[in-house]
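Dear colleague,

I am passing on the structure we talked about, with some notes on its aromatic and nonpolar side chains to read alongside it. Please have the sequence and the model open as you go through them.

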Amino acid sequence: MHTHSQFRWLVRRGAGVACGTRHQIWAIALGGRSLVSKWFSSSSRTAMVASEKDFENAVHQVKLLKEDPGNDAKLKLYALYKQATEGPCNVPKPRVFDFLGRAKWDAWTALGSLPKETARQNYVDFVSSLRPSLTSSSGEGPAAHRSLPESEDVVVTSKDSITVITLNRPAKKNAITYQMYQDITLALKAASKDNSTITVFTGNGNYYSSGNDLSNFSNRSGSLQQMYAESALTLRNFVDSFIDFPKPLVALVNGPAVGIAVTVLGLFDAVYASDRATFHTPFSSLGITPEGCSSYTFPKIMGPAKAAEMLIFGKKITAREACAQGLVTEVFPHNTFQKEAWARLTAYAKNPPKAMRIGKQLLRSFGKETLHAVNAEECRVLQERWLSEECVNAIQTFFSKKGKL
Ligand SMILES: CCCCCC/C=C/C(=O)SCCNC(=O)CCNC(=O)[C@H](O)C(C)(C)COP(=O)(O)OP(=O)(O)OC[C@H]1O[C@@H](n2cnc3c(N)ncnc32)[C@H](O)[C@@H]1OP(=O)(O)O
C-alpha cells in the first residue's frame with residue numbers, strides 16, 4: 001500500500017499526478033476518450049490525437065483524485081507525463097539504491113521514442129480509464145465508457161459466480177492480436193470489479209493459444225520505433241493486469257500453449273491442463289526474449305535449470321512434465337478435462353469470496369513490486385529485440401511457411 005505522501009512525492013517531481021483530500025469528489029471529466037483498445041489502430045490514431053487542452057484537463061483531473069490509484073498507475077502517469085512534455089528519457093539512471101528514482105526512470109525509459117502526441121493521448125486515455133464511468137468534456141464517442149471487450153476474439157461470460165475469459169480465434173490457434181491484448185486487459189479490469197469469486201482463462205478449439213500473433217508487427221502503420229514503443233507499453237499493461245489481479249485466477253489449458261500464453265501462467269493461482277496440452281516458449285528461435293515475468297517466475301517455480309531449458313533453449317514440455325515442474329497444478333485426461341475441471345471450479349467458487357481474495361493477497365502481495373519491475377525490464381529488452389535482424393528474419397520465415405515451430 002502506498003501512502004499519500006509517496007503519491008505527493010511524484011507530484012513534486014512533476015509527475016503530473018496529484019493527490020486530493022479524502023473529501024474531494026472524484027471528478028475526472030476528461031477530454032479524450034477512454035477507448036484504450038483503439039489507441040494504436042492506424043485508422044483511429046489520427047482521429048484521436050488529444051489536444052493540449054485535453055491533456056491539461058487530464059492533468060488537472062488527476063490532481064483531484066480522491067483515492068491513491070496505486071503505485072503502478074502513478075508510475076505510468078509519471079512516465080507518460082514526462083514523455084508527453086519532455087520527450088524520451090534524457091536523464092542519467094539513478095543510483096542503485098534509489099529504488100523509487102529507478103522505478104520512475106525505468107517507467108519513462110520503457111516508453112522509448114514514443115512520440116509526444118501519442119504519450120499525450122495515452123495519458124488522457126489512461127486517466128480516463130482510471131474512472132471510465134465519468135464523462136469527458138470533449139471527444140465523447142459511443143465507446144467512451146467501454147469496460148468490456150468489443151471484439152469477438154475475446155469472449156467474456158459468467159457462470160456460477162465465475163467469470164470466464166475465452167480466447168476465441170480457433171482458426172488462428174487463438175493467436176493474440178494487438179486488439180486482443182487490449183481487450184484482455186479490459187476484461188481483467190472488469191472482472192476484478194464484478195461480483196464473481198473466481199476468474200477463469202481458457203481457449204476455444206484445439207489450442208489454448210499459439211501466443212503472440214506474429215502479424216502484429218506487419219499490419220500497423222507509423223515508424224518502427226513508434227510501433228515497438230507502443231507495443232511494449234501495451235504488453236506491459238497486459239502483464240500488469242495479471243500481476244494486479246485481485247481474485248483467484250485459474251487457467252484451463254485445453255490444448256497447446258505457446259509463448260506469452262505460457263509465460264503468464266506463472267502469474268495464475270491455479271493451472272489445470274488437458275493431457276493434450278503442451279507448453280512451448282520458442283523465444284530464442286524467434287530472436288526474442290522472455291516476457292510475462294517468466295524470467296523471474298519460472299526459475300522460482302521450477303528452478304533455474306528447467307527454466308533455462310524452456311525459456312532459453314525453447315524445449316517444449318508436456319502437461320505432465322509441466323505439472324511435475326510446478327507450472328501446472330493438475331492434469332486431466334482430455335475427454336474428461338472440461339467436466340472434471342469445472343466440477344472443481346464450481347466447488348471452489350462457493351468458498352467465501354473475501355477470504356479467497358485476502359488469501360491471494362497474502363500469497364502474492366509481497367512479490368508485486370518485484371514483478372512490476374521485472375515486467376518493465378522484460379518489455380524494455382523486448383522492444384530492442386523486435387528491431388533485431390534475428391527477430392525480423394524469424395517472423396518472415398514463419399509467414400513464408402518455412403518455419404513452423
Ligand atoms: C503487443 C506485442 C506483444 C508481444 C509479446 C511477446 C510474445 C511472444 C510470443 O508469444 S512468442 C510465440 C509466438 N508464437 C509462435 O511463434 C507460434 C507460431 N505458430 C506456429 O508455429 C504454428 O502455427 C502452430 C505450431 C502454433 C500450429 O501449427 P499447425 O497446427 O500446423 O497450424 P497452422 O500453422 O496451419 O495454423 C493455423 C493458422 O493459424 C495461423 N497462426 C497460428 N499461430 C499463429 C501466430 N502465433 N501468429 C499468427 N498466425 C498464427 C497460421 O498462420 C495459420 O493461418 P492460415 O490458415 O495459414 O491463414
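**Aromatic contacts and a surface patch**

F268 is buried, with a relative accessible area of 4%. Please keep in mind throughout that this is a predicted model.

The residue was picked out because F201, which also counts as buried at 4% relative accessibility, pairs with F268 edge-to-face, the ring centres being 5.8 Å apart and the planes at 90 degrees. F201 belongs to strand β5 (residues 198-203), whereas F268 sits in the loop between α9 (260-263) and β8 (270-274), so the contact ties together parts that are 67 residues apart in sequence. Searching the whole structure gives 14 aromatic pairs, and ring pairs link F201 and F268 with Y181, F238 and F242 into a cluster.

Which ring does the charged end of K159 sit over? The ring is that of W342, and the charged end of K159 lies 4.4 Å from its centre.

On the surface, V96, F97 and F99 make up a nonpolar patch, and together these residues have about 400 Å² of accessible area. F201 and F268, each at 4%, are by contrast buried.

Key:
Residues numbered from 1 in each chain as written. Predicted model: local features only at pLDDT ≥ 70, side-chain atom pairs only at ≥ 80, totals over all residues. Heavy atoms only, no water. Phe/Tyr/Trp six-rings, centres within 6.5 Å; stacked < 30°, edge-to-face > 60°. Helix = DSSP H or I, 4+ residues; strand = E, 2+ residues; numbered from the N terminus. Buried < 20%, exposed > 50% of the residue type's maximum accessible area, 1.4 Å probe, protein only. Lys NZ or Arg CZ within 6 Å of the ring centre and 35° of its normal. Patch = residues over 30% accessible without salt bridge, like charges linked within 9 Å, V, L, I, M, F, W, Y side chains within 5 Å. Areas by Shrake-Rupley, 256 points an atom, 1.4 Å probe, with all protein chains shown as cover. Salt bridge = Lys/Arg side-chain N within 4 Å of Asp/Glu carboxyl O.
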